[in-house]
Amino acid sequence: MTTESALVQWWAGLTDDQRQRAKAIALGPAPRPLAIDDLAASMILAGLPTSRTVWTGQPESLVEMLDEVAAFVLATTESA
């Protein structure tokens with residue numbers, strides 16, 4: 001389980017563009033695949049949980065945003 005402080009620190013370090021992409025991903029149903037990009041890297045560097053998805057033939061979808069991260073993103077963006 002991820003601590004609230006890790007999520008808050010991760011969110012504080014995101015750019016506006018990364019926040020918008022995180023929200024768009026969080027709004028989708030699980031599994032929520034992410035491209036291997038700066039947003040996915042920020043999650044890994046922050047120590048947030050990610051999970052390898054089942055190989056779909058799409059090399060850009062190797063990590064997913066898990067429910068607890070998605071819930072945090074949605075709660076944070078709804079309260080803003």
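## Helix 2 against helix 4

Helix 2 (residues 16-27) and helix 4 (residues 67-79) cross at roughly 120°, and their axes come within 9 Å. An axis here is a line fitted to C-alpha atoms, for helices over the stretch in contact, and angles run from 0 to 180 degrees between N-to-C directions. Helix 2 and helix 4 are therefore oblique to each other. Oblique is what remains once other angles are named: under 35 degrees is roughly parallel, over 145 roughly antiparallel, and 65 to 115 roughly perpendicular.

The crossing of helix 2 and helix 4 is left-handed. Ala22, Lys23, Ala26 and Leu27 of helix 2 make the contact with Ala70, Val73, Leu74 and Thr77 of helix 4. These residues divide into six nonpolar, one polar and one charged. A crossing is left-handed if the near helix is turned anticlockwise from the far one by less than a right angle, and right-handed if clockwise. Contact means heavy atoms within 4.5 Å. Nonpolar covers Ala, Val, Leu, Ile, Met, Phe, Trp, Tyr, Cys and Pro; charged covers Asp, Glu, Lys and Arg; the others, Gly among them, are polar.

## About the model

This is a predicted model, where local features need pLDDT of at least 70, side-chain atom pairs count only at pLDDT 80 or more, and totals for chains, interfaces and linings use all residues. Residues are numbered from 1 along each chain as its sequence is written, and side-chain values use heavy atoms, leaving out hydrogens and water.

## Helix 1 against helix 4

Helix 4 also packs with helix 1 (residues 4-12). The angle is about 60°, and the axes are 11 Å apart. Helix 1 and helix 4 are therefore oblique to each other. Helix 1 passes helix 4 in a right-handed crossing.

On the helix 1 side, the contact uses Glu4, Leu7, Val8, Trp10 and Trp11. On the helix 4 side, it uses Val69, Phe72, Val73, Thr76 and Thr77. By class, this contact has seven nonpolar, two polar and one charged residues.

## The whole chain

The protein chain has four helices and three strands. Both are DSSP runs, numbered from the N terminus: helices are H or I with at least four residues, strands are E with at least two. Along the sequence, the pattern is α-α-β-α-β-β-α.

The chain has 80 residues, and 35% of them are buried. Buried means under 20% relative accessible area, exposed means over 50%, and partly exposed lies in between (1.4 Å probe, protein chains only). The chain exposes about 4800 Å², with carbon and sulfur atoms supplying 59% of it. Such areas come from the Shrake-Rupley method with a 1.4 Å probe; for residues, only the protein chains shown count as cover. Take the contacts between residues at least 6 apart in sequence: 58% of them join residues at least 24 apart.

Thr77 sits in helix 4. Its relative accessibility is 18%, so Thr77 counts as buried. Leaving aside neighbours within four places in sequence, Thr77 is in contact with Trp11 and Lys23. Thr77 and Gln20 are 57 residues apart in sequence, yet their C-alpha atoms are 9.1 Å apart.

Arg19 belongs to helix 2. Arg19 counts as partly exposed because its relative accessibility is 26%. Not counting residues up to four places away in sequence, Arg19 touches Trp11, Ala12 and Leu14. Arg19 and Leu39 are 20 residues apart along the chain, with 8.7 Å between their C-alpha atoms.

## Two prolines in loops

Pro31 is in the loop between helix 2 and strand 1 (32-34). The peptide bond from Ala30 to Pro31 is cis, with omega near -5°.

Pro49 lies in the loop between helix 3 (38-45) and strand 2 (50-51). Pro49 is partly exposed, at 22% relative accessible area. Pro49 touches Thr2, Met43, Glu64, Leu66, Glu68 and Val69, not counting residues up to four places away in sequence. From C-alpha to C-alpha, Pro49 and Val63 are 9.8 Å apart in space, and they are 14 residues apart in sequence.
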